[in-house]
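Keep the model open as you read.

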Amino acid sequence: MERFIVASLVLLLASAAAVEGRMGRAAVFDNSMPTNHVLTGGDELPRICDQVRFKTICQGFRKLPGVATPRQLLLASIRVASDKAKEAKLRVEEYKARTHASGPMESIADSCRQGYDNVVQSLEETRQLIEARGTNFDINNKASFALTSAGDCKTALEDFPDIKSPFAAVQQNVFRVVDNVLNIAVVVQQAEAHQAKLLGPHGH
């Protein structure tokens, strides 16, 4: 059932791309949290999604099974982003095999494949750390590396401006879901750190 819902989210991502694409890289993410506010449960999920860049995609994460808390929203976003990166890597490999890519296109395809592989690896490491330690680690650095890797395909293509990307839609989708992972992670980490401070050393 979960696979079906995750697969359905692909359609949501496509529609979100049309709506949110007009936003570009505008700075709509505000990672500041009210100092007297603590994220505790499902009621806070809309507040989190209001603070990310691609809001419609974040709202899609909220509809996934088992998402009732900010931490679960973060883990769901990681799972979806990882699945999208795996799909992107497969698309690149299929393209390379089908077209027998050579020369610059072979180099581009290899960069794209490696970039998406790095996204998957970084997100999996992030997920494991969250499961083991919560968000009490340098989650921003981990998620930022995943976001940088998500842009490797675009970077590789920039070296060859005359070549039109055969992966444009895939590149955009992966970048957006990973960007949301980073934004959600920052908000949740700030909130959990604030909550821990309020509870004190004996709060757990």
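The largest nonpolar core has 51 residues, and those that touch the most other members are Leu73, Leu74, Tyr116, Val174, Val178 and Ile184. A nonpolar core here is a set of buried Ala, Val, Leu, Ile, Met, Phe, Trp, Tyr and Cys residues joined through side-chain atoms within 4.5 Å. Buried means under 20% relative accessible area, exposed means over 50%, and partly exposed lies in between (1.4 Å probe, protein chains only). At least two residues of this core come from each of α2 (45-50), α3 (55-62), α4 (70-99), α5, α6 (139-150), α7 and α8 (168-199). Helices (H or I, at least four residues) are DSSP runs numbered from the N terminus.

Before going on, a word on the model: it is predicted, local features need pLDDT of at least 70, side-chain atom pairs count only at pLDDT 80 or more, and totals for chains, interfaces and linings use all residues. Residues are numbered from 1 along each chain as its sequence is written, and side-chain values use heavy atoms, leaving out hydrogens and water.

Now find Ile184. Leaving aside residues up to four places away in sequence, Ile184 touches Ile48, Val52, Cys58, Phe61, Leu73, Leu74 and Ser77, where a contact means heavy atoms within 4.5 Å. Cys58 and Phe61 are buried in α3, as are Ile57 and Gly60. These four cover an arc of only 150 degrees around the axis, so they sit on the same side of α3; the arc is that of the directions from the helix axis to the C-beta atoms.

The structure has two of them. One joins Cys58 to Cys49, S to S 2.1 Å, and both cysteines are buried. The other is formed by Cys112 and Cys153, with sulfur atoms 1.9 Å apart. Cys112 lies in helix α5 (residues 104-133) and Cys153 in helix α7 (residues 152-158), so this pair ties together parts that are 41 residues apart in sequence.

Which other links can you look for? There are nine salt bridges, each a side-chain nitrogen of Lys or Arg within 4 Å of a carboxyl oxygen of Asp or Glu. In one of them, Glu192 meets Arg71 (2.9 Å, N to O). This pair links distant parts of the chain, with Glu192 in helix α8 and Arg71 in helix α4, 121 residues apart. Glu192 counts as buried because its relative accessibility is 19%, while Arg71, at 29%, counts as partly exposed.

Note on methods: Disulfide = S-S within 2.5 Å.
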